[in-house]
Amino acid sequence: MDEPECDDVLDDWFIESLKTYKDLYVYQLECPTKVIEWTSGRTVCVAGYGSSKNEILELRLPPKLFANENKGLCAERDFKVVHGGFTDGPVHCLKHVPGTRCVVSNDGRSSELQVWELGGEDSDVIRRTGSVAGRSVVSEGGSRIAARLSSQPQVLHGARSGDVQLTELTSGQPLYKLETDSADPLSSLQFVTDAVFLACCCNGNVYIADTRTAAAPQLSPPPVSSGESVLWWTDASSGSSCLDPTSCRIVRLSSSGQAVISDLRNQREAASQAQLDVQSHHCNLDDVTVSWAPALDGCIAVSGFSGAVQIYNTSVWRTELQEAQPLFQHRGHTVSSQPDDGVFVTSHVWHPERPRTLLSAASDGSVHVWDWVDQSAGS
Amino acid sequence: MPEIKVTPLGAGQDVGRSCILVSIGGKNIMLDCGMHMGFNDDRRFPDFSYITQNGRLTEFLDCVIISHFHLDHCGALPFMSEMVGYDGPIYMTHPTKAICPILLEDFRKITVDKKGETNFFTSQMIKDCMKKVVPLNLHQTVQVDDELEIKAYYAGHVLGAAMVHIKVGSESVVYTGDYNMTPDRHLGAAWIDKCRPDMLISESTYATTIRDSKRCRERDFLKKVHESIERGGKVLIPVFALGRAQELCILLETFWERMNLKAPIYFSTGLTEKANHYYKLFITWTNQKIRKTFVQRNMFEFKHIKPFDRSYADNPGPMVVFATPGMLHAGQSLQIFKKWAGNEKNMVIMPGYCVQGTIGHKILNGQRKLEMEGRATLDVKLQVEYMSFSAHADAKGIMQLIRMAEPRNMLLVHGEAAKMEFLKGKIEQEFSIDCYMPANGETTTVTTNPSVPVDISLNLLKREMALGGPLPDPKKPRAMHGTLIMKENSLKLVSSEQALKELGLNEHQLRFTCRVQLQDPHSDNDTLHRIYTHLKSVLKGYTIQHLPDGTVMVESIVIKVSSSAEDANTKVLLLSWIYESVYRSLRVWQPPTLDIFLR
């Protein structure tokens, strides 16, 4: 690929990046991914979403990123493909089952889940070991997946609020079903504790349920918003460290850029909110992601509206709706591509421990690993 | 069936020494002859005992080909040619021929003088070895002998690096050496045509990695330099090769302009001298496009970069210095290092691999106290940064190369089979070719299916076509009749008559006869007529004639009837046929059948 045309833009942004990033790594996959899933503290899984055959890869992050004292002596900056396999269809959702070497995926066109074994030291091949049937057959949208946080391999899955089910992986037995009359398409499923989970819908409804009881779930309706037919995405702050489920915070983001923070205990009242400057460049918003930083209190990351990943500090937000500017913007994906390409970010994840390290992937196949500098710190 | 055999030489599974033996069409070729940099004993040399247990290698090898000047590809060459013994041709590109001896001599000095090794090649051996070198130009076919030809292709990676195409008859192998598929600032990307070799041999070292972008490596370099300069520190960059040093200079120059930095940047005089020499090599080696952009900035005519003088090392304040040699093992870079090592504000950036025994190697292994001459110790307080700028192909790059060359088989060396099953599966799936991964010392044998081109005479072709039926095509071969003549190097298929004529031979026909006895009271003519009628009814589709001369002909088989002299009721059938006509799928019927009928 020729550098000349992009050279100047790259130069400007790259030179600026000397101050704005502590670390920056840029990779090009053969095919773009819309999933990035941690399978250990140093490895992630990515997979293609082309219409037929795709690759699923487990990548080890560069040693240089983790070298602390002797960072200078480590020259290794490459991803290592530690395991790889082939899928028969696209991968739209992929989750790792904690405590195992197993991941579960969904192709976005049916409710069936594929189960994979990532492989150990003796082989580098990722093999399909089975499948999990959905509660009902769905032809579009595909299922969302959440893995139970404890060591029992169980997955929560479903495409709509009415067909959410918890299935035991080894036996395929359904252990729990969310009983509700609604059939709202889901944007995500998430466990906030080992037993309590959220079924977040595209229309903004959030169902809070407990797998230990047969009681009906609590429903938290969407916040009041200005636009018509907005879509909503939701994230709850760190499930496993939330010993008290009621102290969890939820962020909800609308397709018009409105972000609302609330307490799980009291969702009727917005704790705070802001109008984000998401600079939406394209109309297809399938891949919007909003996520709490696991190790940076009050910060969220937002992506999917454009080629940038934005970091916002929600702790300065107020109860009245006001415009908020991002604390940081990673524009690396836009800058490295041709202007008319319409590159957009397909996925991002925070590193579970390093406060400012993120991974992001875009529609052009790029994957970036970056550790940003908080320029406002000290003020 | 003809075979190609490939054996990576040397003990142990690990990376670090390239030396591959290929047997193709009766020729034996050694590809690269590298040194394993991690060992101090015989394990650092490839295991030549595979070729012969004792004695010289000359009669066993038709040629040796070296892909580029890195020591893990040529480090054992003088040992092989002068200490084990090989007098045949050694092929390499012009830049490799120019740079190899310098690196080998440096390496020898470090190993012998500094480490006191004894079983090592001498300076004279390096010179004698290089006398055997035959230089190659890109894309130029070289006849090693009547049957073996080789051709070098651009590999990128470092100055002079080549991929090599080896051909014997219609079998061929391509060896990649080290290469890169993403263009480098000064080297460009590897390129090869759709040569469809029977085998493509490549390193698997980086096959399972995804490479971080060049710009990020450069960013890291600039960031480190900038941080040191900002705190008033001095930065030492030991370099060897022209390309890398100049590339980093251009990078710094652009950066200095953009940031309006004032700290001085110097390059040492040793570098300038070498630069002149390599500049010529470099200009003829790189491609048009790169030559234009690179050559415009005539080397070392920079605004911010000035020649270094020894005394500047003591100047106060920040500065950046490029100095040789690259591994800090002697000369100016070592002198400067000694002066600057004690200050933690300073920095040394090592842009490449350092051989064991050098200061460079020690500090890259974290050593912070060094023993210098005269039992003096040096405290290493400055910041040490190891950066890798060399361009290598990664998983994606291998797939791109296979797409370019379209080999029939793929072979990966220097990797653990268990860790490459996914890549093997990927290659096999995408290209429907076999992918082999032999361990060191293990031979992979691949049968080839070479097509043998044969000229067919027009007469013969016309005759065959006149016989009718479908035209021959690769999926529906048809049998034909002719004579194959091998004359000089050509193969010709001609009609038998033409062949006999060319050979000056007469055609002979073999005619067989057999006599069959029958009991039949009829006259000779009647018997013959009955035979004729019978045959006509059972042998439909064949030409059967009752001729006026008293014979029946079935195709070209002649049947005559005569009575036995002793007994008029005993008839003797005389059957006669030409050798050829038997194979026109006509069954020769059994006498008893006829006998029964006639009764």
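Mentor: A residue is called buried here if its relative accessible area is under 20%. By that criterion, 51% of the 599 residues of chain B count as buried. Please keep in mind throughout that the model is predicted. Chain B as a whole contains 16 helices and 31 strands. Of the contacts in chain B between residues at least 6 apart in sequence, 70% join residues at least 24 apart.

Let us turn to the contact itself. Chain A contributes 45 residues to the contact, and chain B contributes 42 residues. The area buried between chain B and chain A comes to about 3800 Å², and carbon and sulfur atoms account for 51% of that area.

Polar and charged links come next. Between chain B and chain A there are 21 residue pairs in polar contact, with both residues at pLDDT 80 or more. Ten salt bridges are also counted between chain B and chain A. One of the salt bridges pairs A:R127 with B:E421, whose closest N and O atoms lie 3.7 Å apart.

Which elements of chain B give two or more residues to the side that touches chain A? They are β12 (209-210), α5 (214-230), α6 (242-259), α10 (359-364), β20 (383-386), α11 (395-405) and α12 (421-431) of chain B. The largest share of that side comes from α5(B), with nine residues. Sorted by class, the side of chain B that touches chain A has 17 charged, 16 nonpolar and nine polar residues.

Within β12(B), B:T209 is the bridge partner of A:K80.

The other element is helix α12 of chain B, where B:K426 has its place. Is B:K426 buried or exposed? B:K426 is buried, because its relative accessible area is 5%, and the cut-off for buried is under 20%. Leaving aside residues up to four places away in sequence, B:K426 touches A:E30, A:E55 and A:F86 from chain A, together with B:M399 from chain B.

Note on methods
Residues are numbered from 1 along each chain as its sequence is written. Chains are lettered from A and ligands numbered from 1 in the order in which they are written. This is a predicted model: local features need pLDDT of at least 70, side-chain atom pairs count only at pLDDT 80 or more; totals for chains, interfaces and linings use all residues. Side-chain values use heavy atoms; hydrogens and water are left out. Contact means heavy atoms within 4.5 Å. Buried area is the accessible area (1.4 Å probe) that two parts lose on being put together, summed over both. A salt bridge is a side-chain nitrogen of Lys or Arg within 4 Å of a carboxyl oxygen of Asp or Glu. A polar contact is a pair of N or O atoms within 3.5 Å; within protein, one must be able to donate a hydrogen and the other to accept it, and residues adjacent in sequence count only if both atoms are side-chain atoms. Helices (H or I, at least four residues) and strands (E, at least two) are DSSP runs, numbered from the N terminus. Ala, Val, Leu, Ile, Met, Phe, Trp, Tyr, Cys and Pro count as nonpolar, Asp, Glu, Lys and Arg as charged, and the others, Gly among them, as polar. Two strands pair if DSSP finds at least two bridges between them. Buried means under 20% relative accessible area, exposed over 50%, partly exposed in between (1.4 Å probe, protein chains only).
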